Amino acid sequence: MRKLVYLLPVLAVLASFVVAGCGKGDSGGSSALKVGLAGVLTGGDGQIGASMLNGTQIAIDEWNAKGGVLGKQIEPVVLDDGGDPQKAVTTAQSLIDAGVVAVIGHFNSGCTIPASNLYNDAKIIEISPGSTNPTYTDRGLPYAFRVCGRDDQQGAVIASFLRDQQKLDKIAVLNDKTTYGAGLAKVVGDTFTAKGGQVVAAQGIDANDLDFRADISVAQGAGAQAVVWGGMYKGGGPLCVQLREAGLNVPFVSDDGCQDQKFVDAVGGNAQNVFVSFGKDYKTSPSAQAFIDAYKKKYNDDIGSYSIYGYDAAQVLFTAIQKAGTTDADKVAAVMKSQPFDTIQGQIEFDSKGDLKVADYVIWTVKDGKLQELAPAP
């Protein structure tokens with residue numbers, strides 16, 4: 001039932017878009033500024049994607065309440081890419097056809113990367129709140145941005161935690177064969193090996209295959225001192241549970257794809273010695289409180305892991321458009337790469353690729369049934 005609560009507000013916005021139709025909306029004669037909101041709203045990753053775009057909607061409400069952007073009300077065009085790369089391409093084309101001036105999304109790297117090709121050709125700014133695969137920005141696309149870090153940064157933090165802090169020598173690295181999961185797993189394995197450790201088992205497993213017993217047996221037989229999962233919570237939860245059922249109580253370490261309460265709920269009583277990488281905990285920051293209050297009031301629910309990132313992405317985009325005085329992608333991109341932006345994450349800046357100049361990955365753990373930022377090592 002909790003999942004339904006998460007999805008209803010976003011689906012309501014989607015329904016309103018369908019009623020409104022898909023007329024061309026740009027910075028010209030239209031009375032509204034159409035902005036695409038794209039991400040996974042259904043399926044196994046639907047909860048985390050919906051809460052991300054719910055955060056974006058809070059920013060839209062705030063800007064519209066104070067007159068909009070460039071004197072126009074922001075009209076969100078919300079589409080579900082289903083977490084599927086092929087559908088993401090169709091979604092991108094639909095948003096382009098709808099006349100959006102920019103896109104906030106997608107969430108999954110495997111969706112963001114192919115969709116970004118279309119946005120780039122159409123000269124549309126895309127700013128992702130959650131896609132971490134380096135390929136997204138490494139291709140030199142002038143209109144691609146993200147307000148999160150990259151997997152080559154995140155994977156290095158995981159490897160350092162295991163090798164330098166936990167003092168482990170052997171790890172098993174599994175992934176869900178997605179662009180995101182496989183890419184992250186490779187960085188962890190390569191970095192751990194470069195630090196003198198050994199990856200004793202490495203395997204890609206289809207994202208829909210949730211029986212990990214054979215892979216666990218291989219890891220156990222190889223003497224793995226920790227198991228790393230590159231992928232989303234859909235697979236991470238069952239993998240952790242099956243590890244414990246097999247009597248393997250070594251550290252289970254995953255990435256920001258498992259940074260969600262749904263992962264913790266799936267793990268249940270098997271949450272001991274469980275860690276995930278993610279950005280710093282901003283929920284207690286004074287700058288986040290007004291946003292959190294507005295989110296709870298609108299959705300009658302707590303914020304999700306990526307809600308703040310969805311909010312920050314929108315704030316950066318709208319601020320840049322307002323300062324540029326136009327929705328022209330070249331001019332907006334120039335503003336985005338030329339100045340710092342105040343966000344809930346703090347003051348952020350983009351490099352020439354559209355990446356954050358500084359990423360803030362830390363390790364989290366599960367305590368009292370909740371994910372909490374792990375205290376730094378002494």
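Are helix 2 and helix 11 roughly parallel or roughly perpendicular to each other? I looked up their axes (lines fitted to C-alpha atoms, for helices over the stretch in contact, with angles from 0 to 180 degrees between N-to-C directions). The axes of helix 2 (residues 46-65) and helix 11 (residues 289-299) come within 10 Å and cross at roughly 105°. The two helices are therefore roughly perpendicular (angles of 65 to 115 degrees count as such; under 35 is roughly parallel, over 145 roughly antiparallel, and the rest oblique).

I note that the model is predicted: local features need pLDDT of at least 70, side-chain atom pairs count only at pLDDT 80 or more, and totals for chains, interfaces and linings use all residues. Residues are numbered from 1 along each chain as its sequence is written, and side-chain values use heavy atoms, with hydrogens and water left out.

I then listed the contact (heavy atoms within 4.5 Å). Ser-51, Asn-54, Gly-55, Gln-57, Ile-58 and Asp-61 of helix 2 meet Phe-291, Ala-294, Tyr-295, Lys-298 and Tyr-299 of helix 11.

Next I traced the sheet, taking helices (H or I, at least four residues) and strands (E, at least two) as DSSP runs numbered from the N terminus. Pairing requires at least two DSSP bridges between two strands. The sheet is open, with five strands in the order 2-1-3-4-5 and parallel pairing. Strand 2 (73-80) and strand 5 (144-146) are its edges. The twist averages 25° from one strand to the next.

I found three bridges between strand 4 (residues 125-128) and strand 5. Ser-128 stands opposite Arg-146 in strand 5. Helix 13 (residues 329-336) touches both strand 4 and strand 5, at about 40° to the direction of strand 4.
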